[in-house]
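Here is a friendly walk through one protein model, written for someone meeting it for the first time. Take a look at the sequence and the fold, then read on.

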Amino acid sequence: MSTGLWRKRRPAPSAAFSTAAPKSPQRGGRRRRRGVRVGYEAPAGSATEEAATEAKQQKWEPKNWRQELDNIREMRKARDAPVDQMGAEKCFDLEAPPEVMRYQVLLSLMLSSQTKDQVTSAAMMRLRQRGLTVDTVLQMEEATLAQLIYPVGFWKNKARYIKQTSAILQRDYGGDIPKTVAELVKLPGVGPKMAHLVMAIAWQNVSGIGVDTHVHRISNRLRWVRRETKLPEETRQALESWLPRELWSEINWLLVGFGQQTCLPVSPRCSDCLNRGLCPAAGKSQEAKRSGGGPL
């Protein structure tokens, strides 16, 4: 039965309860039929369609990444890199109260920036010999603190940041550390990499991938980023866009140790690497060195 006959036989519903679509304008005596728009089909150019397109683009993942990751796990199974012996997870006092352990984790990561693990570990040992708590640091002169942490990178700035951060922790957190990345990065001298590592080590909460210079360099060499990244934070966002979340917790320690032992900043040991047949950068460092170029 046509719509026209139906309308003749039944009175039109009142305006308050009308569900009929308004009549479309007629041209040349012919009625234009209105298309039916399905609720889950987004019109072209809409925000929903753009989001769907972006979701499809995010399905990108690097070629051979699972094999490369397995190879790195195999090369790291001995856990004998400096980070395994002297990294942030090894620098705090296991017998201290929980809030003190968390504070020491935070400080070890603040000291570790632009500093070798051996130097960070030695500095943390000197601090712990003084009784490393929020109160003892606040009672300590900044010059004394600076001498104790020397020669970590930017030691003068770090001494100031540690004093400022400790005061904030005592005032706002009862001597403990924040429980979120958003709060952690507000502390003086704490960046995203440190914040995500603090969350994982101190709070056992994997909030993101901690990307330092090793993770940044290796991710670009393996082309685990869709486009070359210039900053570690860009690398973190690129990795998190495709890497399964259940793998985030191991990426930092795997790649840091791998970068300390095999995939070195200058003259990487490609001949010793199980990924030498897969890595796009394998052997290129030697070519760059012969041609006078910089390290990859």
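Let's start with helix H11, residues 192–202, which is mostly covered: nine of its 11 residues are buried. Buried here means under 20% relative accessible area, while exposed means over 50% and partly exposed lies in between, using a 1.4 Å probe and protein chains only. Helices are DSSP runs of H or I with at least four residues, strands are runs of E with at least two, and both are numbered from the N terminus. The buried residues of H11 are Lys 193, Met 194, Ala 195, His 196, Leu 197, Val 198, Met 199, Ile 201 and Ala 202. Their cover includes helices H5 (98–112), H10 (181–184), H13 (232–240) and H14 (248–261). After H11 comes Gln 204, with a positive phi near 55°.

A word on where this comes from: the model is predicted, so local features need pLDDT of at least 70 and side-chain atom pairs count only at pLDDT 80 or more, while totals for chains, interfaces and linings use all residues. Residues are numbered from 1 along each chain as its sequence is written, and side-chain values use heavy atoms, with hydrogens and water left out.

Now for the whole protein. It has 15 helices and two strands, and 41% of its 296 residues are buried. Take the contacts (heavy atoms within 4.5 Å) with a separation of 6 or more: residues 24 or more positions apart account for 62% of them. The accessible surface comes to about 18,100 Å², and carbon and sulfur atoms hold 50% of that; the area is from the Shrake-Rupley method with a 1.4 Å probe, and for residues only the protein chains shown count as cover.

Next, some helix pairs. Two packed helices are described by the angle between their axes and the distance between the axes. Axes are lines fitted to C-alpha atoms, for helices over the stretch in contact, and angles run from 0 to 180 degrees between N-to-C directions.

| Helix pair | Angle | Axis distance |
|---|---|---|
| H5 and H6 (117–129) | about 140° | 9 Å |
| H6 and H8 (142–149) | about 135° | 8 Å |
| H3 (65–75) and H14 | roughly 65° | within 10 Å |

At that angle, H5 and H6 are oblique to each other. From H5, the contact uses Gln 104, Leu 107, Ser 108, Leu 111 and Ser 112, and from H6 it uses Thr 120, Ala 123, Met 124, Leu 127 and Arg 128. By class, that makes five nonpolar, four polar and one charged residues.

H6 also meets H8: Ala 123, Arg 126 and Leu 127 of H6 touch Leu 145, Leu 148 and Ile 149 of H8. This contact has five nonpolar, no polar and one charged residues.

Finally, where does Cys 91 sit? Its place is in the loop between helix H4 (82–86) and H5. Cys 91 is buried, with a relative accessible area of 4%. Leaving out residues up to four places away in sequence, Cys 91 touches Met 86, Ser 108, Ser 121, Met 124 and Arg 128. The C-alpha atoms of Cys 91 and Ser 121 are 6.1 Å apart, though the two are 30 residues apart along the chain.

Key
Angles under 35 degrees count as roughly parallel, over 145 as roughly antiparallel, 65 to 115 as roughly perpendicular and the rest as oblique. Ala, Val, Leu, Ile, Met, Phe, Trp, Tyr, Cys and Pro count as nonpolar, Asp, Glu, Lys and Arg as charged, and the others, Gly among them, as polar.
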